[in-house]
Amino acid sequence: MRQPLDATARGVYTIAATPFTEAGEIDWASVDSLADFYLRCGVDGLTVLGMMGEAPKLGDGEAEELARAFLRRVDGRVPVVVGVSSAGTANLVRLARAATEAGAAGVMIAPPTGLRTESQIVAYFDEVIAELGDIPVVYQDYPQATGAHISAQAFLRIVDAHPSVVMFKHEDCPGLRKLSQLRRSCDGGKRRYVSILVGNGGLYVPQELARGADGVMTGFAYPEMLVAVCRLFAAGRGEEAEDLYDVYLPLVRHEQQPGFGLTVRKEILRRRGAIRCAALRKPGPSLDAEDLRELEALIARLDRRRGERGGRGDERELAVA
């Protein structure tokens, strides 16, 4: 393990896509170019094998190999978190250990589908963390996908019992009130600080940052915008941050269409030169001619609005600052 993840983590931890060929094989050359692209965008960290990374479509051996490939390419330049969620605890622990041995800073875990009560969720994390030892853990709260709902109060039971839980990946929706409750509770005073990064495709980033989130963990295809927004907020320039965010909002929203948005996101990444092929591993949708024309219009609109800002390139300047 390189420098382990801790509660000081902040900024943008991009959720990495998994590049595939048209035949459905992992495109290893595009893994390298995608990692390079994210780093050029100024991200503060990387998360691989997240739900956006089509992790459930990978075999165990593929998942380990993909994590190692990203870790080799990043080579310690930013922390890398590896998603290890699995229906089987043994598979989860095996991938977590392999990832940390290869240099991952920590692992991300979502409660498995089927846990219907908070007591079941807390007991599950008690069991898993006992197996993982001191490996840093990100709790992924994404009930829209897992069906596992947890209140702020129940999550605090996990925080108090397990110092290795250092980050909360906030994706509940609506969830702003929960975010505020957790930030007030885990403020470094009455209880130890826990980093809070937010997801949901970046749809609510300005409000979440204003409520005390430390950053963003999502896969928007223009991560340099999210980097710039986070840095502007951190510098006390919230109004400027919201103005910049608004320029990209139509594409943020378009990427968040359930069951379809990842296809859009990968096509944008292809157009930006980050990957060679936009294909999802089957099953998964593809874009037809009308979808592509629609996306082209949105990208052209974004380019036009960026030009109207005077060509200042705020997001790129801040991303590499």
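What is the volume of the largest cavity? The structure is a predicted model, in which local features need pLDDT of at least 70 and side-chain atom pairs count only at pLDDT 80 or more, while totals for chains, interfaces and linings use all residues. Residues are numbered from 1 along each chain as its sequence is written, and side-chain values use heavy atoms, with hydrogens and water left out.

**View 1. The largest cavity and its lining.** The largest cavity has a volume of about 30 Å³, and a search of the whole structure finds one cavity of 30 Å³ or more. On a 1 Å grid over the protein atoms alone, a cavity is a set of points where a 1.4 Å probe fits but cannot get out, whereas a pocket is an open set with protein on both sides within 12 Å along at least five of seven lines; lining residues have an atom within 4 Å of a point. Grid points are joined across faces, edges and corners, and a volume is the space filled by probe spheres set on the points. The lining consists of Phe 155, Phe 168, Leu 182, Arg 183, Cys 186, Val 194 and Ile 196, which divide into six nonpolar, no polar and one charged. Ala, Val, Leu, Ile, Met, Phe, Trp, Tyr, Cys and Pro count as nonpolar, Asp, Glu, Lys and Arg as charged, and the others, Gly among them, as polar.

**View 2. The second largest pocket.** This pocket, with a volume of about 310 Å³, is lined by 18 residues, of which Glu 22, Ala 278, Ala 279, Leu 280 and Ser 286 lie nearest its centre. Helix 11 (residues 261–271) gives the most to the lining, with three residues; helices are DSSP runs (H or I, at least four residues), numbered from the N terminus.

**View 3. The salt bridge between Lys 178 and Asp 172.** The closest N and O atoms of this pair are 2.9 Å apart, a salt bridge being a side-chain nitrogen of Lys or Arg within 4 Å of a carboxyl oxygen of Asp or Glu. Lys 178 is buried at 9% relative accessible area, and Asp 172 is buried at 14%, where buried means under 20%, exposed over 50%, and partly exposed in between (1.4 Å probe, protein chains only).

**View 4. The salt bridge between Arg 271 and Glu 296.** The closest N and O atoms here are 3.2 Å apart. Arg 271 lies in helix 11 and Glu 296 in helix 12 (residues 289–308), so the pair ties together parts that are 25 residues apart in sequence. Salt bridges that share partners join Glu 267, Arg 270, Arg 271 and Glu 296 into one network.

Methods: Helix = DSSP H or I, 4+ residues; strand = E, 2+ residues; numbered from the N terminus.
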